[in-house]
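Open the model in your viewer and keep the sequence panel beside it. Each stop below gives a selection and what is found there.

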Amino acid sequence: MRLRTIRQFVVFVVVPLALVIAAVTGLTVHLTNRISSGADQEELKRTKTVAQSLISTGKMQLEELATDNAFWDDAAENIYAAEIDKSFVTATWGDVCIRQDP
């Protein structure tokens, strides 16, 4: 009689409980993988956007630097001339760059 009671307990309690625990564990693992995969893809999108923005900003800064250097001859001619062209200096660098004679 005792052996039959143990078998019934195993069949009607332990096995269903083990199946429920296995199912819940499997579902949890599956959902965790889906959530982390979605988060990884969103992070990849953000990283791509930031990288593209940085590249774009770098290009603009490089273009500005190249433009400044391309017009250096004009600047040198106007700054190192015997008579400084104040309108050129003001247009290029602003009023603060005009040398004031004491």
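The tour goes from the whole chain to single side chains.

**Ground rules.** This is a predicted model, where local features need pLDDT of at least 70, side-chain atom pairs count only at pLDDT 80 or more, and totals for chains, interfaces and linings use all residues. Residues are numbered from 1 along each chain as its sequence is written, and side-chain values use heavy atoms, with hydrogens and water left out.

**Stop 1: the whole protein.** Show it as a cartoon. Three helices and zero strands make up the secondary structure. Helices (H or I, at least four residues) and strands (E, at least two) are DSSP runs, numbered from the N terminus. Read from the N terminus, the order is α-α-α.

**Stop 2: colour by confidence.** pLDDT is the predictor's confidence in each residue, from 0 to 100. The protein has a mean of 83, and 84% of its residues reach 70 or more. Select helix α2 (residues 72-79): its mean pLDDT of 72 is the lowest among the elements. Helix α1 has the highest, 89.

**Stop 3: the surface.** Accessible areas come from the Shrake-Rupley method with a 1.4 Å probe; for residues, only the protein chains shown count as cover. What share of the 102 residues is buried? The figure is 6%. Buried means under 20% relative accessible area, exposed over 50%, and partly exposed in between (1.4 Å probe, protein chains only).

**Stop 4: the nonpolar patch.** Select Ile6, Phe9, Val10, Val11, Phe12, Val13, Val14, Val15 and Leu19. Together they make a nonpolar surface patch of about 810 Å². Patches are made of residues with over 30% relative accessible area and no salt bridge; like charges are joined within 9 Å, nonpolar side chains (Val, Leu, Ile, Met, Phe, Trp, Tyr) within 5 Å. Centre on valine 13, in helix α1 (residues 2-70). Valine 13 counts as partly exposed, at 38% relative accessibility.

**Stop 5: proline 16.** Proline 16 also lies in helix α1. Its relative accessible area is 33%, so proline 16 is partly exposed. Leaving out residues up to four places away in sequence, proline 16 touches Val10 and Val11. Contact means heavy atoms within 4.5 Å.

**Stop 6: the salt bridges.** Side chains of opposite charge can pair when their charged atoms come close. A salt bridge is a side-chain nitrogen of Lys or Arg within 4 Å of a carboxyl oxygen of Asp or Glu. The count is two.

- Select lysine 45 and glutamate 42: their closest N and O atoms are 3.5 Å apart. Both lie in helix α1, three residues apart, about one turn of the helix. Glutamate 42 is partly exposed at 37%.
- Select glutamate 43 and arginine 46: their side chains meet at 2.7 Å, N to O. They are separated by about one helical turn because they are three residues apart in helix α1. Glutamate 43 is partly exposed at 41%, and arginine 46 is partly exposed at 48%.
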